[in-house]
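Try each one yourself before you read the solution.

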Amino acid sequence: MKEITVNELDHAALETVSGGHPFESCFGDAALYRAGVSYANTCFGKDVYTIKNSSHQAVSISKDLAETLRSESKKLWKTKYADSADFVGYAREWKQTLASSYNLDWDGSIGDYKFQMWD
């Protein structure tokens, strides 16, 4: 019979094997996509968040920034535009917010979701 041994993983090895998975804490919803953020849920690796610039190229952003943008855009939508469903007015103001506060040149497109096995 083969002897089974147990080795404790160091922090670097643990990060490698426990990267992203389908059930990583996610917050993909209408508020995230309305903010222009696209979300790629990655099974073997870290989840990927991007926003398209005015050249329609996806610019990578951090998960923390994506969560911040979702929160701020949701607040803006609820307080000023949800009752009238004025997406055009929202998009104009949100584009200005992204440019002035985050130096992001958003193209105005809605974000999307995809599932991928690896990045």
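The exercises go from the overall fold to one helix and then to the core. This is a predicted model, so local features need pLDDT of at least 70, side-chain atom pairs count only at pLDDT 80 or more, and totals for chains, interfaces and linings use all residues. Residues are numbered from 1 along each chain as its sequence is written, and side-chain values use heavy atoms, with hydrogens and water left out.

**Exercise 1.** Work out the order of helices and strands along the chain.

Solution. Start with the tally: four helices and four strands, taken as DSSP runs (H or I, at least four residues; E, at least two) numbered from the N terminus. Then read along the sequence, and you get α-α-β-β-β-α-α-β.

**Exercise 2.** Find which residues of α3 are buried.

Solution. Buried means under 20% relative accessible area and exposed over 50%, with partly exposed in between (1.4 Å probe, protein chains only). Going along α3, you'll pick out Ala-66, Leu-69, Arg-70, Ser-73, Leu-76, Trp-77 and Tyr-81. They sit on the same side of α3 because they cover an arc of only 140° around the axis, taken from the directions from the helix axis to the C-beta atoms. Now look at the face turned away from that side: Asp-64, Lys-75, Lys-78 and Thr-79 are exposed there.

**Exercise 3.** Find the members of the largest nonpolar core that touch the most other members.

Solution. Such a core is a set of buried Ala, Val, Leu, Ile, Met, Phe, Trp, Tyr and Cys residues joined through side-chain atoms within 4.5 Å. Among its 20 residues, the ones to pick are Val-37, Ile-61 and Trp-94. α3 gives the largest share, five residues.
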